[in-house]
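My entries follow the display.

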Amino acid sequence: MIIEHAEFRVKSGASDAFEAAFEQVRALLLEADGCLRADLLRSVDVIDTFLLRVEWERLEDHTEVFASTAASRRLAAAIAPHCDGPPRVMHFFAQ
């Protein structure tokens, strides 16, 4: 299993809108091949910062399969207007 961490910095004051937009498209992740879980966490230390934590069966399920889908483009289109730049994404092995 792979755990994706995507850190999002959102525009000042856009945290609630970002969360609402994500909730509207969260199902796109959960329905993706290989996606096991997806959670959005709001930072308590850094205002307007979020961590998207997604569990994937394989790295390729995210980087190749989901990334090439219309669902991926819809998810990005929904949340990108609230972001202050691209997310910082890292993948971790889980046992």
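**Entry 1: helix packing.** I began with helix α1 (residues 15–30) and helix α3 (residues 70–79), whose axes come within 9 Å and cross at roughly 175°. The model is a predicted one, and I read every value below with that in mind. An angle over 145 degrees counts as roughly antiparallel, so I logged α1 as roughly antiparallel to α3.

I then listed who makes the contact. On the α1 side I found F18, A21, F22, V25, L28 and L29. On the α3 side I found A71, R74, L75, A78 and I79. Sorted by class, the residues of this contact are 10 nonpolar and one charged, with no polar residue.

**Entry 2: the largest pocket.** Next I looked for open space. Rolling a probe the size of a water molecule over the atoms shows where empty space is left. The largest pocket holds about 240 Å³.

How many residues line the largest pocket, and which lie nearest its centre? I counted 16 in the lining, with E4, F8, H62, F66 and L75 nearest the centre. β1 (2–9), β3 (49–56) and α3 are the elements that each give two or more residues to this lining. The most comes from α3, with four residues. By class I noted 13 nonpolar, two polar and one charged residue in the lining.

L75 turned up in both entries: it is among the α3 residues that contact α1, and it is one of the residues nearest the pocket centre.

**Entry 3: aromatic pairs.** I searched the whole structure and got three aromatic pairs. I wrote down one of them, F8 with F18: the ring centres are 5.4 Å apart and the planes lie at 45°, so I recorded the pair as tilted. F8 sits in strand β1 and F18 in helix α1, 10 residues apart, so I filed the pair as a link between distant parts of the chain.

How values were computed:
Residues numbered from 1 in each chain as written. Predicted model: local features only at pLDDT ≥ 70, side-chain atom pairs only at ≥ 80, totals over all residues. Heavy atoms only, no water. Axes fitted to C-alpha atoms, helices over the stretch in contact; angles between N-to-C directions. Parallel < 35°, antiparallel > 145°, perpendicular 65-115°, else oblique. Contact = heavy atoms within 4.5 Å. Nonpolar A, V, L, I, M, F, W, Y, C, P; charged D, E, K, R; others polar. 1 Å grid on protein atoms, 1.4 Å probe; cavity = no way out; pocket = protein on both sides within 12 Å on 5 of 7 lines; lining within 4 Å. Points joined across faces, edges and corners; volume = space filled by probe spheres on them. Phe/Tyr/Trp six-rings, centres within 6.5 Å; stacked < 30°, edge-to-face > 60°.
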